[in-house]
Amino acid sequence: MAQNGSEAGPLVAGVAGRYASALFELARDERQLDAVAESLNRFDGMLKESADLRRLVRSPVFSAEEQEAAIGAILERSGITGLAANFIRLSAANRRLFALPGMIAAFRALVQESKGIVRAEVRVAERPSDALIEEIKASLKDIARADVDIDLVVDPSLIGGLIVKMGSRMVDASLKTKLNGIRLAMRAAR
């Protein structure tokens with residue numbers, strides 16, 4: 001327990017945090033955490049792929065009725081049902097769709113924290129093989145002493161190597177950083 005009497009856990013604040021916490025508690029009580037997380041991840045994937053869906057979610061130009069109708073059709077077509085669908089519909093009805101990506105991220109963090117999973121962001125210059133991803137996961141698992149979920153980000157500007165962010169720690173082993181270090185050393189030597 002934290003000093004204020006609340007349960008200790010990841011910090012989730014604002015509208016997104018309140019909605020995510022409420023959904024998390026409901027899904028946990030209904031024993032549907034995994035199903036809700038999978039549905040929200042599927043909707044988040046659709047958000048990342050569709051500029052039109054992002055526009056619908058972010059734009060205040062659409063009325064609540066228009067957003068609700070469009071979201072309802074999208075959920076029906078994608079097969080997202082149950083608590084996750086009701087949650088997304090409620091967000092639309094309450095004019096909170098703009099906060100939905102944050103709600104999904106906060107919910108994901110709550111689920112991972114409840115399962116003892118540590119999240120790590122791994123930035124690489126090009127997509128590594130599945131075997132290499134598993135090797136990175138295994139190394140991070142040894143360091144974290146917990147299961148690790150990787151967010152893989154491909155950033156060609158790194159040239160080579162990787163950058164790993166896990167919690168408050170960051171390791172930069174990118175070629176870009178090493179070349180910048182050499183460039184700065186050469187400038188200082190002039």
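The legends below describe several close-up views of a predicted model.

Residues are numbered from 1 along each chain as its sequence is written, and side-chain values use heavy atoms, with hydrogens and water left out. Because the model is predicted, local features need pLDDT of at least 70 and side-chain atom pairs count only at pLDDT 80 or more, whereas totals for chains, interfaces and linings use all residues.

View 1. Helix H1 covers residues 14-29; helices (H or I, at least four residues) and strands (E, at least two) are DSSP runs, numbered from the N terminus. The 16 residues of H1 should span 22 Å at 1.5 Å a residue, which agrees with the 23 Å between its end C-alpha atoms, the expected span being 1.5 Å times one less than the number of residues. Ala16, Gly17, Tyr19, Ala20, Leu23, Phe24 and Ala27 of H1 are buried, and they cover an arc of only 165° around the axis, which puts them on the same side of the helix. That arc is taken from the directions from the helix axis to the C-beta atoms. Arg18 and Asp29, on the other side of H1, are exposed; buried means under 20% relative accessible area, exposed over 50%, and partly exposed in between (1.4 Å probe, protein chains only). The cover over the buried residues of H1 includes helix H2 (33-49), helix H5 (82-93) and H6, and Arg31, which follows H1, has a positive phi near 55°.

**View 2. Helix H5 and the helices it packs against.** The 12 residues of H5 should span 16 Å, and its end C-alpha atoms are 16 Å apart, which agrees. Leu83, Ala84, Ala85, Phe87, Ile88, Ser91 and Ala92 are the buried residues of H5, and they pack against H1, H2, helix H4 (64-78) and H6. Just after H5, Arg95 takes a positive phi of about 60°.

**View 3. The largest nonpolar core.** A nonpolar core is a set of buried Ala, Val, Leu, Ile, Met, Phe, Trp, Tyr and Cys residues joined through side-chain atoms within 4.5 Å. The largest such core has 33 residues, of which Leu40, Phe43, Ile71 and Phe107 touch the most other members. At least two residues of this core are supplied by each of H1, H2, helix H3 (51-58), H4, H5 and H6, and the largest share, seven residues, comes from H6. Apart from its neighbours within four places in sequence, Ile71 is in contact with Phe43, Leu53, Leu56, Ile88, Ala92 and Leu97, where contact means heavy atoms within 4.5 Å. A second, separate core of nine residues includes Ala120, Val122, Leu140 and Ile150.

**View 4. Strand E1 and its two partners.** Strand E1 (residues 117-124) runs parallel to strand E2 (residues 147-154), to which eight bridges join it; two strands pair if DSSP finds at least two bridges between them. Arg123 stands opposite Val153 in E2. From E1 the chain passes through helix H7 (residues 130-144) to E2 in a right-handed β-α-β crossover, a term used if, with the strands pointing away from the viewer, the path from the first strand over the helix to the second runs clockwise. Five bridges join E1 to strand E3 (residues 161-166), and these two strands run antiparallel. Val122 stands opposite Leu152 in E2, while its bridge partner in E3 is Val164.

**View 5. The surroundings of Gln112.** Gln112 lies in helix H6 (residues 100-115) and is buried, with a relative accessible area of 8%. Leaving aside neighbours within four places in sequence, Gln112 is in contact with Ile117, Arg119 and Asp149.
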